[in-house]
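Here is a quick tour for anyone meeting this chain for the first time. Take a look at the sequence and the model, then read on.

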Amino acid sequence: MDISAQIIKEMSTIVDNDSAMTKLLAYVKKLAKSVHEKNYEEDITIHIANGLRQVKLAKEGKIRLNTLDNLLDELDD
């Protein structure tokens, strides 16, 4: 039985218990928020690491970074 089916099976045993369902809902919301925040932090870390790699490559002369003026021009187009 896959994990989703196991969760649904277990939830079906408490569906008539308002107190248990309220606790479950609070926990699921907290868990979802935690997962979302972790994913967001990982995304930020990846973007920072990529930016630092680009700066290193630019300092080594391997790539040329775009200027702010060029970026603003691209946004206007």
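What follows goes from the whole chain down to a couple of its residues.

First, some housekeeping. This is a predicted model, where local features need pLDDT of at least 70, side-chain atom pairs count only at pLDDT 80 or more, and totals for chains, interfaces and linings use all residues. Residues are numbered from 1 along each chain as its sequence is written, and side-chain values use heavy atoms, leaving out hydrogens and water.

**The whole chain**

You'll find 3 helices and 0 strands here, in the order α-α-α from the N terminus. (Helices, H or I with at least four residues, and strands, E with at least two, are DSSP runs numbered from the N terminus.) With a radius of gyration of 24 Å, well over the 11 Å that the globule rule gives for 77 residues, the chain is more spread out than a compact globule. That radius is taken over C-alpha atoms, and the rule is 2.2 Å times the number of residues to the power 0.38. Along its principal axes, the C-alpha trace spans about 65 × 30 × 20 Å.

How much of the chain counts as buried? The figure is 0% of the 77 residues, where buried means under 20% relative accessible area, exposed over 50%, and partly exposed in between (1.4 Å probe, protein chains only). The chain exposes about 7,300 Å², with carbon and sulfur atoms supplying 59% of it; these areas come from the Shrake-Rupley method with a 1.4 Å probe, and for residues only the protein chains shown count as cover.

**Confidence**

The mean pLDDT (the predictor's confidence in each residue, from 0 to 100) is 90 for the chain, and 100% of its residues reach 70 or more. Helix α2 (residues 18–59) has the highest confidence, at a mean of 92, while helix α3 (residues 68–76) has the lowest, at 83.

**Two residues up close**

Ile 63 sits in the loop between α2 and α3, and Val 55 lies in helix α2. Here is how they compare on accessible area:

| Residue | Relative accessible area | State |
|---|---|---|
| Ile 63 | 32% | partly exposed |
| Val 55 | 36% | partly exposed |

Not counting residues up to four places away in sequence, Ile 63 touches Gln 54, Leu 57 and Ala 58; contact means heavy atoms within 4.5 Å. Ile 63 and Val 15 are 48 residues apart along the chain, and their C-alpha atoms are separated by 59 Å. For Val 55 and Ile 44, 11 residues apart in sequence, the C-alpha to C-alpha distance is 17 Å.
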